[in-house]
Amino acid sequence: MLVIMNPGNGDQSIPDRDSSRRNNSSDSNKSDDSPSQKSHHANTDWRQFRAMLYKNYQVETTESDAHKQGGTPHVSKPLGPKWAHPLSVPEAGCVLVATEKLDGVRTFERTVVLLLRSGTRHPHEGPFGVVINRTLHKKIKLMKPTNNELASTFADCSLHFGGPLEASMFLLRVGKKSKFSGFEEVIPGLCFGARNSLDEAAELVKRGVLKSQDFKFFVGYVGWQLDQLREEIESDYWYVASCSPNLIFGDSSDSSSESLWKEVLQEMGGHYSELSRKPKQDI
């Protein structure tokens with residue numbers, strides 16, 4: 001059995017401006033990497049490499065079974081633009097996929113939660129994240145926000161239901177651009193911020209570094225106490241998975257809340273794919 005583990009990409013505190021400047025200055029003095037080496041480091045996503053390892057393991061297992069049964073071995077294919085695979089434990093940047101045990105629980109049934117922090121590095125802070133497949137079908141300007149940047153720079157951005165707990169957060173897709181002060185990286189190319197970093201976010205749009213379409217705004221979030229999430233996973237309320245960035249921050253025109261839920265399970269393959277086709281259980 002292949003056990004997929006996190007090779008050390010733990011939680012980090014949201015950086016402040018001063019510490020980021022100090023770190024950037026220190027790094028620039030110590031770095032001896034050539035431009036090509038720096039480019040290689042910047043473009044490397046260990047999650048994608050891990051997904052490739054998992055895919056190869058699955059192919060090898062299938063080929064071994066086919067050989068034993070006298071069948072034709074499967075031909076290995078490269079990792080596609082969309083991928084997902086199960087994880088043994090949650091980590092920052094993973095997704096939690098609601099199981100059929102949450103069918104009938106209106107807040108969480110068929111949801112996909114992006115875990116922003118796993119709680120492993122902050123003993124007094126539990127895991128938290130946002131639901132990423134529940135659009136509210138409303139633009140920010142219709143909510144008549146009091147914040148100037150929300151009322152202007154981000155007025156035409158859509159709102160999403162992030163969870164039942166009171167706080168607003170946003171995701172920003174930065175791609176291969178440098179890290180920005182004031183935001184915390186979730187996975188390579190994707191960061192998150194909160195209300196206190198709206199000014200920095202708006203400045204990036206005004207300067208043309210990012211577009212307003214690179215942001216997703218969430219009303220509310222999901223949080224757990226230290227051991228609560230682990231207990232819910234062990235009780236089969238959530239599947240834990242790693243998935244490609246374009247699944248997490250996709251531009252799908254399908255606004256169905258179940259669309260992403262099904263897609264992630266199908267990409268996970270095996271019995272997960274079968275579960276994606278099961279009808280919802282009304283409780």
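The stops below concern salt bridges in this predicted model. The count of such bridges comes to 15.

**First stop.** Select Glu263 and Lys82, whose side chains meet in a salt bridge with an N to O distance of 3.0 Å. Which parts of the chain does this pair link? Glu263 belongs to helix 8 (residues 257–268), while Lys82 sits in the loop between helix 3 (46–68) and strand 1 (84–86); the two are 181 residues apart. Glu263 is partly exposed, with a relative accessible area of 23%. Lys82 is likewise partly exposed, at 36%.

**Second stop.** Select next Lys206 and Glu149, which form a salt bridge of 3.1 Å, N to O. Lys206 lies in helix 5 (residues 198–206) and Glu149 in helix 4 (residues 148–151), so the bridge ties together parts that are 57 residues apart in sequence. Is Glu149 buried or exposed? Glu149 counts as buried, with a relative accessibility of 13%. Lys206, by contrast, counts as exposed at 53%.

**Third stop.** Move on to Arg230 and Asp227, a salt bridge in which the closest N and O atoms are 3.7 Å apart. Arg230 counts as partly exposed, at 42% relative accessibility. Asp227 also counts as partly exposed, at 42%.

**Final stop.** Select Asp103, Glu109, Arg110, Glu258, Lys262 and Lys280 together.

Conventions
Residues are numbered from 1 along each chain as its sequence is written. This is a predicted model: local features need pLDDT of at least 70, side-chain atom pairs count only at pLDDT 80 or more; totals for chains, interfaces and linings use all residues. Side-chain values use heavy atoms; hydrogens and water are left out. A salt bridge is a side-chain nitrogen of Lys or Arg within 4 Å of a carboxyl oxygen of Asp or Glu. Helices (H or I, at least four residues) and strands (E, at least two) are DSSP runs, numbered from the N terminus. Buried means under 20% relative accessible area, exposed over 50%, partly exposed in between (1.4 Å probe, protein chains only).
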